[in-house]
Protein chains: 2
Amino acid sequence: MQLRIPGPTPCPDEVLQAMTKQMINHRGKEFGALLRQVTQQLKGVFQTKGDVLILTGSGTGAMEAAIVNTLSPGDKVLSVSIGDFGDRFANIAQQFGAEVKRLGFEWGTPADPETVRKALKSDPATKAVLVTHNETSTGITNDLAAISAVVKEFDLLLIVDGVSSISSIDLPVDDWQVDVAVTASQKGWMAPPGLAMVSMSQKAWQAYAKAKMPRFYWDLGKAKRFVEEKGNQTPWTPAVSTFYALALALDMLERETLSKVFARHVRVGKAAREGIRSIGLSLFANEAYASNTVTAIKGPEGVDLKKLLQLLREDYGVVLAGGQGKLDGKIFRIGHMGWVTEADIGEVVAALKAALPQARS
Amino acid sequence: MQLRIPGPTPCPDEVLQAMTKQMINHRGKEFGALLRQVTQQLKGVFQTKGDVLILTGSGTGAMEAAIVNTLSPGDKVLSVSIGDFGDRFANIAQQFGAEVKRLGFEWGTPADPETVRKALKSDPATKAVLVTHNETSTGITNDLAAISAVVKEFDLLLIVDGVSSISSIDLPVDDWQVDVAVTASQKGWMAPPGLAMVSMSQKAWQAYAKAKMPRFYWDLGKAKRFVEEKGNQTPWTPAVSTFYALALALDMLERETLSKVFARHVRVGKAAREGIRSIGLSLFANEAYASNTVTAIKGPEGVDLKKLLQLLREDYGVVLAGGQGKLDGKIFRIGHMGWVTEADIGEVVAALKAALPQARS
């Protein structure tokens with residue numbers, strides 16, 4: 001079975017085996033050492049000297065944490081959205097009382113930094129900008145360095161959804177002055193879902209000190225205090241088994257080295273796009289910004305996408321994802337982050353080629 | 001190694017092995033069948049015909065979910081607290097803007113239903129009552145049936161922390177008219193931490209419809225819609241591996257039968273208390289209300305508790321818990337919920353007996 005959706009992603013056998021280790025006291029020294037080690041390795045992948053906190057929850061939980069720890073009800077926020085996850089970020093901020101200005105770009109295209117600049121110029125009261133680094137619903141990677149440069153012209157807080165990029169696509173948090181970046185264990189990290197990770201810059205902690213949105217479970221200041229003052233603990237019981245898995249997956253990432261992991265994803269992304277074109281299909285995304293972790297493909301004329309995905313799943317053992325939100329029934333997606341090689345993508349393309357004629361109505 | 005803290009609790013080998021299963025599509029039929037099956041079994045243990053929703057998070061996350069899905073800022077809430085977790089429930093409600101009246105009872109004693117009645121009579125504007133069923137910090141099980149009867153005289157919403165009771169101590173949610181009950185996978189469920197479960201009565205859903213506290217990740221209405229309208233899905237990526245583990249643990253609970261599981265915990269609790277007395281130690285809790293999942297023991301005169309717990313851990317392979325909150329350094333606790341027998345408790349008591357003289361200063 002080839003599970004090629006944009007998360008959960010397949011886990012290497014050793015990672016799954018790591019979870020057979022028995023429970024330990026989450027307030028004891030052994031877990032403390034584990035949390036310290038995992039946090040240290042995460043900082044390496046986030047490329048930050050700031051804080052990285054680990055939460056038990058999904059990526060959406062981490063997005064909520066990013067919002068409620070840095071903003072107050074009534075704060076003006078610019079939400080830069082190029083797809084379903086960008087919209088979700090805006091929805092969370094709105095739900096917690098931020099005054100959200102939505103700057104949407106056509107799905108399948110990246111955000112334009114110049115348009116972001118104009119939006120920020122037109123509203124000097126803006127306090128923070130929400131941006132998706134890699135939009136999983138459309139298969140686009142934003143030019144986050146360029147967007148960050150614009151946001152920092154205005155000295156604003158930059159909050160980034162890096163759920164499907166960090167650990168697979170280069171996102172140097174400190175270099176790009178990202179104040180809050182979030183991701184989740186079931187994406188490029190090669191671990192099961194259940195843990196979410198959030199980085200916080202000094203500027204983010206300054207925002208935290210003033211932020212008035214209600215927070216309890218997601219309180220990152222409390223998470224930081226438990227790490228620093230209680231010998232590497234978490235405020236609430238952590239997903240211990242998922243920590244075992246993530247620790248092992250981080251060792252594998254370190255052995256491969258971050259630059260080689262990024263390069264592999266570049267190759268795999270390219271292989272996916274070339275493969276798709278080679279069998280006569282069209283990419284949904286603007287190729288100059290096509291994501292190296294997920295490829296979105298236009299549903300070809302006369303093909304029932306639901307039937308195609310079912311055939312692939314049942315007859316070829318290849319599990320792909322459909323479209324999300326308003327793209328449901330219009331595109332389908334290949335996830336290729338984490339534990340994936342060009343050969344895996346070759347198999348996916350071969351299966352697609354074989355299944356396509358059968359799915360034509 | 002005997003891990004006898006009140007969670008995470010040891011998992012049977014089969015439960016740990018279940019997590020070596022590879023990831024699956026959380027939007028596919030196989031996960032849908034798993035979620036449906038687990039939910040069905042959970043309803044059996046909760047003894048409810050209402051809804052049970054499963055969240056990726058810890059028990060504290062489920063407590064937050066219970067609050068934000070049923071209350072609005074400014075709502076008057078009576079918080080009945082007999083320990084650290086009761087205080088936590090009040091803190092969450094307060095954090096999200098409820099007007100919390102704290103009714104605290106001496107730690108080590110249960111809540112008195114008559115005092116609850118007086119408090120409710122004195123404030124007719126109260127909308128909801130927060131109660132801990134089993135207070136893990138003090139080793140007390142409240143008489144929830146009696147408290148519920150009082151709460152229902154006033155026709156109020158009853159929100160219960162059953163984190164360390166449900167699945168180990170009888171809590172018939174429907175019979176006792178509990179509107180919201182929460183628990184978490186690492187307690188009596190014999191599974192690793194990472195999932196939290198919440199039951200919702202019809203009255204709770206009526207409260208949900210009016211509740212104005214901000215919610216996104218913990219939105220139980222959304223969770224219900226994803227179950228009912230999307231073929232048993234979760235709104236956000238669930239902790240798939242922990243689902244595998246919980247499913248297997250639920251099968252084990254079913255095979256043993258609920259009544260026998262409860263009876264086993266009664267026996268184990270009794271064995272813990274008798275064992276403790278037999279070696280000359282004193283229980284912290286009022287014995288008539290002593291918990292059958294966790295036993296709190298007074299730190300004996302002249303014994304350094306930190307040293308005692310360290311000796312037990314390092315020389316006897318027995319991991320116990322210290323005191324929590326204001327009981328830190330004053331009591332220690334034996335967790336005995338989930339995968340535990342009287343023989344396990346016998347070993348713990350024997351180790352304690354041997355270690356005690358060494359810990360006297």
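Which strands of chain B does helix 8 (residues 220-229) lie across? Helix 8 of chain B lies across strand 2 and strand 10, and runs at about 105° to strand 2 of chain B.

## Basis of the description

This is a predicted model, in which local features need pLDDT of at least 70 and side-chain atom pairs count only at pLDDT 80 or more, while totals for chains, interfaces and linings use all residues. Residues are numbered from 1 along each chain as its sequence is written, and chains are lettered from A and ligands numbered from 1 in the order in which they are written.

## Overall form and domains of chain A

The secondary structure of chain A comprises 12 helices and 14 strands; helices (H or I, at least four residues) and strands (E, at least two) are DSSP runs numbered from the N terminus. The C-alpha atoms of chain A occupy a box of roughly 60 × 55 × 30 Å along the principal axes. The radius of gyration of chain A is 20 Å, which agrees with the value near 21 Å that a compact globule of 361 residues would have; this radius is taken over C-alpha atoms, and the globule rule is 2.2 Å times the number of residues to the power 0.38.

Chain A is divided into domain 1 (13-254) and domain 2 (257-359), with bounds that come from an automatic or database domain assignment. The C-alpha centres of these two domains of chain A are 26 Å apart. Between them, 23 residues of domain 1 are in contact with 22 residues of domain 2 of chain A, contact being defined as C-beta atoms, placed from the backbone, within 7 Å. On the side of domain 1 of chain A that touches domain 2 there are 8 nonpolar, 12 polar and 3 charged residues. In this classification Ala, Val, Leu, Ile, Met, Phe, Trp, Tyr, Cys and Pro count as nonpolar, Asp, Glu, Lys and Arg as charged, and the others, Gly among them, as polar.

## The seven-stranded sheet of chain B

An open sheet of 7 strands in chain B has the order 2-10-9-8-5-3-4 and mixed pairing; two strands pair if DSSP finds at least two bridges between them. Strand 2 (51-56) and strand 4 (99-104) of chain B are at the edges, each with a single partner strand, so one side of each has no neighbour in the sheet. Direction ignored, neighbouring strands of this sheet are turned by 20° against each other on average.

Strand 2 of chain B pairs with strand 10 (residues 195-200) in the antiparallel sense over 6 bridges, and B:Asp51 has B:Met200 in strand 10 as its bridge partner. Helix 2 (residues 29-46) of chain B lies across strand 2, strand 9 (180-184) and strand 10, at about 115° to strand 2. Axes are lines fitted to C-alpha atoms, for helices over the stretch in contact, and angles run from 0 to 180 degrees between N-to-C directions.

## The three-stranded sheet of chain B

A further open sheet of chain B has 3 strands in the order 11-14-13, with antiparallel pairing. Its edge strands are strand 11 (294-298) and strand 13 (321-322) of chain B, each of which pairs on one side only. Helix 10 (residues 258-278) of chain B packs on this sheet, touching strand 11 and strand 14, and its direction makes about 15° with that of strand 11.

Strand 13 and strand 14 (residues 331-335) of chain B pair in the antiparallel sense over 2 bridges. The bridge partner of B:Ala321 in strand 14 is B:Arg333.

## Relation and contact of the two chains

Chain B is superposed on chain A by a rotation of 180° with 0.0 Å of shift along the axis, at an RMSD of 0.0 Å. The two copies are thus related as by a two-fold rotation axis. In chain B, the C-alpha nearest the axis belongs to B:Gly57, 2.5 Å from it. The superposition is by least squares on the C-alpha atoms of residues with pLDDT of at least 70 in both copies.

Contacts link 43 residues of chain B with 43 residues of chain A. Helix 1 (13-18), helix 3 (59-68), helix 4 (84-95) and helix 9 (240-256) of chain B are the elements that each give two or more residues to the side touching chain A, and helix 3 of chain B provides the largest share, 4 residues. By class, this side of chain B has 21 nonpolar, 21 polar and 1 charged residues. The copies meet through the same surface, because 100% of the interface residues of chain B are also interface residues in chain A.

## Local backbone features

A cis peptide bond joins A:Gly7 and A:Pro8, with omega about -5°; A:Pro8 is in the loop between strand 1 (2-3) and helix 1 (13-18) of chain A. In chain B, the peptide bond from B:Gly7 to B:Pro8 is cis, with omega near -5°. B:Asp155, a residue other than glycine, has a positive phi near 55° and is found in the loop between helix 6 (144-153) and strand 8 (157-161) of chain B.

Key:
Two residues are in contact if their C-beta atoms, placed from the backbone, lie within 7 Å.
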